[in-house]
Amino acid sequence: MPVRLIAEQSGGTTRYDVQLQPKPLGQLALVIGAVITNDLTGKIFRKLRLTQRTTRSSVWSDAFHDRGGVVQVELGDGRLLMGWLRYYSDEPKDASLFLEKAVWVMADSKTIPIQGPRILITHQLGINWVEFLERPDLTQPGNIDGQTRV
């Protein structure tokens, strides 16, 4: 147990002491974290047909937990960006993404690598949509869907 209650008798009175057990407490935290992050209880309830919902807070969170990989994003001003999804906000109101190996996608489908290895897209830029793609080689110019474009 992660918490232990100790009762000591002394002079006709009982003294109680609560002690935290670091190892079981850490193990419990890991189990709870894994259950929440991986929607394990939701999966069980859906399999039993008790619900159709997940235990996560939003569809935004569900989509990124279940997918990942390469995404193409249309920003609020219409620009397109593509990259490997590394981090994402949990709530859609925050709508922020962190992409690695990111490229700008031009109107003719050519790509231009961003300066630097990563980019943070914050909710202030606005995200119109996010498309989850197969895994193209983003290091090759013009390579969006596995086919090199010129």
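This is a guided tour of the structure, stop by stop, for a reader with a viewer open.

The model is predicted: local features need pLDDT of at least 70, side-chain atom pairs count only at pLDDT 80 or more, and totals for chains, interfaces and linings use all residues. Residues are numbered from 1 along each chain as its sequence is written, and side-chain values use heavy atoms, with hydrogens and water left out.

**Stop 1**

Select strand E1 (3-10) and strand E2 (13-20). Helices and strands here are DSSP runs (H or I, at least four residues, for helices; E, at least two, for strands), numbered from the N terminus. E1 and E2 run antiparallel, joined by eight bridges. Two strands count as paired if DSSP finds at least two bridges between them. Now pick Val3 and look across to E2: Leu20 stands opposite. Move to the turn. Two residues lie between the strands of this hairpin, and Gly11 takes a positive phi near 60°.

How many buried residues does E2 have among its eight residues? The count is zero, and the strand is hardly covered. Buried means under 20% relative accessible area, exposed means over 50%, and partly exposed is in between (1.4 Å probe, protein chains only).

Next, show the side chains of Glu8 and Arg15. They form a salt bridge, with the closest N and O atoms 3.4 Å apart. A salt bridge needs a side-chain nitrogen of Lys or Arg within 4 Å of a carboxyl oxygen of Asp or Glu. Glu8 is partly exposed at 41% relative accessible area. Arg15 counts as exposed at 51%.

**Stop 2: the nonpolar surface patch**

Select Val3, Leu5, Tyr16, Val18, Leu20, Leu25, Leu28, Ile32 and Ile36. Together they form a nonpolar patch on the surface, with about 890 Å² of accessible area. Strands E1 and E2 and helix H1 (22-37) each give two or more residues to this patch. Patch residues have over 30% relative accessible area and no salt bridge; like charges are joined within 9 Å, nonpolar side chains (Val, Leu, Ile, Met, Phe, Trp, Tyr) within 5 Å. Areas come from the Shrake-Rupley method with a 1.4 Å probe, and for residues only the protein chains shown count as cover.

Which element gives the largest share of the patch? H1 does, with four residues. Click on Ile36, found in helix H1. Ile36 is exposed, at 56% relative accessible area.

**Stop 3**

Side chains of opposite charge can pair when their charged atoms come close. The model has five salt bridges by the rule used here.

Go to Asp39 and Arg46. Their closest N and O atoms are 2.8 Å apart, in a salt bridge. Is Asp39 buried or exposed? Asp39 counts as buried, at 1% relative accessibility.

Then select Arg86 and Glu100. Their side chains meet in a salt bridge of 3.6 Å, N to O. Arg86 lies in strand E4 (residues 80-88) and Glu100 in strand E5 (residues 97-105), so the pair ties together parts that are 14 residues apart in sequence. Both count as partly exposed: Arg86 at 46%, Glu100 at 23%. Arg86, Glu100 and Arg118 are linked in a network of salt bridges.

**Stop 4**

Asp62 is buried, with a relative accessible area of 14%. What does Asp62 contact, leaving aside its neighbours within four places in sequence? Thr54 and Arg56. Contact means heavy atoms within 4.5 Å.

Now turn to the rings. There are four aromatic pairs by the rule used here. The rings of Trp60 and Phe64 have centres 4.7 Å apart and planes at 65°, so this pair is edge-to-face. Rings of Phe, Tyr and Trp (its six-membered ring) pair if their centres lie within 6.5 Å; planes under 30 degrees apart count as stacked, over 60 as edge-to-face and the rest as tilted. Trp60 and Phe64 both sit in H3, four residues apart, about one turn of the helix. Trp60 is buried at 16%, and Phe64 is buried at 5%.

Compare Tyr87 and Phe98, a tilted pair with 5.6 Å centre to centre and 35° between the planes. This pair links distant parts of the chain, Tyr87 in E4 and Phe98 in E5, 11 residues apart.
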